[in-house]
Amino acid sequence: SYTIDTLTELRRELGDEVSLCWCVGMDSLVNLPSWHRWQELLALAHLVVITRPGWQLPTQGAVAQWLEKHIAEPQQLAQSRAGAVVICEMSQLDISATDIRQMIAEGHSAQFLMPEVVWRYIQDNDLYN
């Protein structure tokens, strides 16, 4: 489904007064213009962007202009229901969920890339094989 549809449904279920945060990686942020009705997303939720190795905030173009109007500090997320973009700098491995699924499908262990409980769930449910 489209993200806009998911957020619309969550907003309907949670009500208009709840602060709703939607989290994506920096790689998703730079590709937002390819998403269905992307410029409407902040009407429904805040956007929390997690930095990823090899990806930078756009400095020009539609997303850069959009960000100029919406960048906020983390403490602002609780003050309103939607409309802010917060960038979270984190130390991370240069690995994606797609890479993890591929590793497992190829018969390699990805245990070192996630919490033990997540690895156990993947193993117990025979996911990605």
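Buried means under 20% relative accessible area, exposed over 50%, and partly exposed in between (1.4 Å probe, protein chains only). This is a predicted model, in which local features need pLDDT of at least 70, side-chain atom pairs count only at pLDDT 80 or more, and totals for chains, interfaces and linings use all residues. Residues are numbered from 1 along each chain as its sequence is written, and side-chain values use heavy atoms, with hydrogens and water left out.

## The two faces of α1

Helices (H or I, at least four residues) and strands (E, at least two) are DSSP runs, numbered from the N terminus. On the face of α1 turned away from its buried side sit the exposed residues R12 and E13. The buried residues of this helix are I4, L7 and R11. They lie on the same side of α1 because they cover an arc of only 65 degrees around the axis, taking the directions from the helix axis to the C-beta atoms.

Just after α1, G15 has a positive phi of about 95 degrees.

## The largest core

A nonpolar core is a set of buried Ala, Val, Leu, Ile, Met, Phe, Trp, Tyr and Cys residues joined through side-chain atoms within 4.5 Å. The largest one here has 19 residues, and W22, L29, L32, L47 and W66 have the most contacts inside it. At least two residues of this core come from each of α1, β1, α2, β2 and α3; α3 gives the most, with three.

Contact means heavy atoms within 4.5 Å. Beyond its neighbours within four places in sequence, L47 is in contact with residues including W22, L29, W66 and V85.
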